[in-house]
Amino acid sequence: MRIGACQTREILGDVEAAVTVIQGFAERADAAGVELLLFPECFLQGYLVTGQHVHRHAFDVRSTEFAAVLARLAGIRQMLVLGLIERWRGRYYNTALVVTGGRVVGGYRKTFLTGGESVFTAGDTYPVFTYEGVRFGINICYDTQFPQAAAAVAAG
């Protein structure tokens, strides 16, 4: 399996621009035979962890508003691991969403938050995903400093 890690310029609060960047990377990935595309932490709305930014830009991934984003991603061949700011039941999460064919397969909520990420609620599960016969899990940034995060993924 070929995996593409997409390092991009930071885009703050402009989801339309972020989706356009995703589409551009997907086109280039097609030519390179990439099957799984990974995007940075909070990429979709930008990694700015102020209460104002998070509250204004967070998505409920089950909403019609987010369905419009998914519709724009539907034509992408690759499976995506997409960092975003998620809103769920009045809480905010630093989430890596797994998307294929414009539909959500699942997601991972960052479990180990830095002191500057107090606006987020920590996740408490380590889901494992399968794509093209390869099983994988996700850790986000600071999670990698804690062996129990990798061990939880490996146990899955």
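User: Which residue in the turn between E4 and E5 has a positive phi?

Analyst: This is a predicted model, where local features need pLDDT of at least 70, side-chain atom pairs count only at pLDDT 80 or more, and totals for chains, interfaces and linings use all residues. Residues are numbered from 1 along each chain as its sequence is written, and side-chain values use heavy atoms, with hydrogens and water left out. Strands (E, at least two residues) and helices (H or I, at least four) are DSSP runs numbered from the N terminus. E4 and E5 form a hairpin with two residues between them, and the positive phi, about 60 degrees, belongs to glycine 101.

User: In E5, what is the bridge partner of threonine 100?

Analyst: E4 and E5 pair in the antiparallel sense over six bridges; strands pair if DSSP finds at least two bridges between them. The partner of threonine 100 in E5 is arginine 103.

User: How many of the 10 residues of E4 are buried?

Analyst: Buried means under 20% relative accessible area, exposed over 50%, partly exposed in between (1.4 Å probe, protein chains only). E4 is mostly covered, and its buried residues number nine.

User: Where do the buried residues of H3 lie, and against which elements do they pack?

Analyst: In H3 (residues 64-73), Phe66, Val69, Leu70 and Leu73 are buried. Seen down the helix axis, they fall within an arc of 100 degrees (taken from the directions from the axis to the C-beta atoms), so they line one face of H3. Thr64 and Ala71 are exposed on the face turned away. By contact (heavy atoms within 4.5 Å), the buried residues pack against H1, E3, E4 and E5.
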